[in-house]
Amino acid sequence: MITIKNLSKTIRGNKIIDNLNLKLKGITGIIGPNGAGKSTLMKIIASVEKGDKGSEIIFNNTSNEPIRIGYLPQNFSIYPNLTVYEVLKLLATLKGNFDSAHIEYLIELFNLANYKNKKMKELSGGTHRRVGIAQALLNKPNYLIIDEPTAGLDIIECIKLRNILLTISEKVEDIIISSHLPEDIEYICNHIVVIEKGQKRFEGSLSEMIQRSENLSYEATIELNDLQKLNVIGEIVKIDKISDKLVKVKFITRKPIADHQLYKPVQPGFLGSYVSLLKGEVVP
Amino acid sequence: MRTFKILSVQTIKSHKYLLILGLVSLYIYAGFLLYSTLFKLKDAGNALQLSSFLIQSGMLFFMFLGFRLARKNSGAMALYKTIKGSIIKVLLLNIVLLLLIITIFVFSLIVITTLYYFHLNPSNHFYFESGAFLINNLLLPYFITGLIGYIVGVNSRSTFSYAYLILIWALLSPTNQYFVNNLLSNTQLTEGFSLLHNLNLGVQDMNVPYQPFYGFQLYWAKKVIYILILLGICILSIFTAIKQRLQRINIASVLFTLVSFSLIPYSSNNINYLDGYLDEYDFYEKRHKIPYKDLFDYKIENIKVVVKNYEKFSVDLEMEVNNIKTSKIAFTLYKGFHITEINDSNGINLLFEQTGDYTIVNLPLNYKERTMTLNVKYTGNGTLANPATQNKVFLPSDFGWIPTNKMTPTHFVFNEHVIPNKLSNPEPIKFKLTYEGKDKLDYVNLKQRSSSVYEGEATGLTLISGDLTQRKKDDHNIYYPKSWFSYEFELDKYLVEFEKIISNYNNLFKTNYKLPKNIVLLPSMAINDSYIFTFTSGTKEQLIIQLDPVELTKKRPLNTTIPYQMEFAFNNNKNFDGPEQFANWLVFNSFLGANLDNDFEDKSSFIFKQYQQLVAEPYISEKDKPIYNQLLKYNNTKLPNEFLIKWKLLLEDDEENDWEQLQKLLKTTQMGAIQ
């Protein structure tokens, strides 16, 4: 478990992270809109950057092994003329943990055998990202921090990558994933943190998150022309077209709607809960 | 090591096109220089001395290589930040790699040149000079610009960096003064040129050819300090690679270092006598009053000289004299040697007056008919042609660097050239020399008694310390510049021919000269080589010849000058009161040379004959011109030997009417009939 206490980060007078207190455990997903401070938070956890004075990051290591962090930055960019194997070899050496058998194992694990001798610049986005995660595991970390694992990937590659992350979750103590895609979090994570503008909106399990917005999710069949009116009372999270004029809409409101026959209460799901959290009050 | 290996591989892979293009271009240009100057002209000195554009282009290439090596890491920085110590490791290894690439490149040039030198002459000693030049003028400047490029690359993401680097390169390069001079040709900002001179990392003046006697002028301290400071900034940059504010300071500190270094001149032990030469020209152009003749009428018995040549060339001399006729004595000493003190043997300071080349000493007691010892202390730098500096010394026995009672100025001006007179003593005197200096002497015309003490009898004292080497050939010790190793064959041939011409001279004048044991071959030491054939001096023990195999062999065989060098070679008492007398000797020498020349018919040396006549003619009065014109009619033939012998005698007598005597001679030998 990683405990974060009073974490703030100010860059050129702007508060990017504002007094965060978190307890990250298992596979934690950090989600929030663009500019929420996710990447900054990830960098601070990965020790790439430091928080403001008074901030504390505590790795509650249950084993006797030293703390080893594996990190995949959002923009994983490395010498494009090196081959996959050379990159892994170089980074393993820099990490002081060169073990060719382990490199081979990671190549197998991430299905990179066919790309081993390919240059980084010749790889597809998904393969590039897989190499990124593989390099994060080079030092056999007990904490794995992955910033936007599926950024820029197509659906198939996203699914593959999520499966891989689930596979490796057993090998590390904690995984922290940040993403702006709810699917990533919903699929992989058992602990969720929602942040917006550097502040915590929610921290807890997926079910707790859904529970919080149970009375705020509705479904309705309306005319296409009435969509704009719906925006006044809530946030649309899903639209299914029924006919040329009619659509079935799932939306989230700020307050429960009482006594209205047009709108049918439904389970909010992760996306609904997420939107609901972003539009609701800040949870201390 | 593994990290370094992988990083090196990736760096070379990432920059393979830049490296191939840059290094191959540099190799081609270096090859072209070596081919045209070293291979074709065998001019080992200038093959390096005139390599400013190679230095300059290499500085630019390695500056951008340094910049690129630093920049390529910027993408991986975020990842490196998570790996403890990796940024420092990667950036440091990149510096090592950069310096290694530069070192390999420069050392490959050293190996290539050295191999070629050994191919030309296995016994050469020039490889050391050449290696030092390449390290000083290529390796160190490449290190400096490479590190500057690296610092800017680590600290800046701005495209402005390119302009910043180009500006720095222009300021540091060997052509900076010419570049800025052209840029500012119509402004009054020329005072700033000395700052540019101080910044220049390459050859100090790209247009000045190599001077084989001096060797290369190398400046180590400033460049090494520069590198150490830049390495310091590099290390600082590595540790502050994440902090933007400090990065700006790092970039600014490069500029600050540059400005600071522009204020520090390079050490001034190199030769910069041009201003002095112009002063000398003004001085010797006028005729100066010579002290009363009787003051020179004494005899020098022996001279003990202590020379200390460190920061200054200083002489502490004890001169034993007798037969003094008056209460004052005068001696001649080149005016550039400033006398600080004159004492007698009891240590009593004697009053003296040094005016130009002459010094009059007041003797407090009546030393008439007694032997007395004068202790004279003086310092100086010599002249352009006869330097006396801590690095290089060329003080031949006939140069006025030791007080002499010869009543002749040390120099005179002829045809806009300052020419040294020959001031050897007519009879040998005892010398004892103690020499201490930064560099050891290459040649002294006395026997060496210990590491710093020399003793013997000679008509003058010769000290030579230059970029010379020595070898034995038959019974002769031959001294010559190290850079002439490729001309050994020509030099040997030259000496064989010299010996033949000596024989011709001996047959003509019934003399008994021969090649002495010690032969010193030097390049032209004067401001130019117009009178190179007159700057030959010889005694029983030494022959010093100025010649330039590199330049001369471009046009004609080296030995074509020999017939015109002979008259000056063994006549160290030949001194001239003024240019007219020298002109008369040149006319004589032009005809004598033709007679001595074994290949007179092929006219290859004719140009030297004509040149002497050309420069002498303006000094011949209108009254004497008809006689001179009459002589010119014999230009294509050899004059009768008898005529030349008598002509020489009339030149050597004390009478001043040389041309009248010559006219009589022409008539008596019936040569006037040709008119």
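Two strands count as paired if DSSP finds at least two bridges between them. This is a predicted model, and in it strand 8 of chain A and strand 9 of chain A form a hairpin with two residues between them. In that turn, A:K197 has a positive phi of about 50°.

| Partner of strand 8 of chain A | Sense | Bridges |
|---|---|---|
| Strand 3 (residues 27-31) of chain A | parallel | four |
| Strand 9 (residues 199-204) of chain A | antiparallel | five |

For residue-level landmarks, A:T28 has A:H191 of strand 8 of chain A as its bridge partner, while A:I192 stands opposite A:G204 in strand 9 of chain A.

Is strand 8 of chain A mostly covered or uncovered? It is mostly covered, with six of its six residues buried. In a regular strand the side chains alternate between the two faces of the sheet. Here A:H191, A:V193 and A:I195 point one way, and A:I192, A:V194 and A:E196 point the other way.

Now to chain B. Helix 1 (residues 2-14) of chain B packs against helix 6 (residues 86-120) of chain B at an angle of about 65°, their axes 10 Å apart. The crossing is right-handed. Helix 1 of chain B contributes residues including B:F4 and B:L7, and helix 6 of chain B contributes residues including B:L93 and B:L97. The contact residues comprise seven nonpolar, four polar and one charged.

Chain B is assigned domain 1 (2-268) and domain 2 (289-466), whose C-alpha centres lie 47 Å apart.

Key: Residues numbered from 1 in each chain as written. Chains lettered and ligands numbered in written order. Predicted model: local features only at pLDDT ≥ 70, side-chain atom pairs only at ≥ 80, totals over all residues. Heavy atoms only, no water. Axes fitted to C-alpha atoms, helices over the stretch in contact; angles between N-to-C directions. Left-handed = near helix turned anticlockwise from the far one by under 90°. Contact = heavy atoms within 4.5 Å. Nonpolar A, V, L, I, M, F, W, Y, C, P; charged D, E, K, R; others polar. Domains from an automatic or database assignment. Buried < 20%, exposed > 50% of the residue type's maximum accessible area, 1.4 Å probe, protein only.
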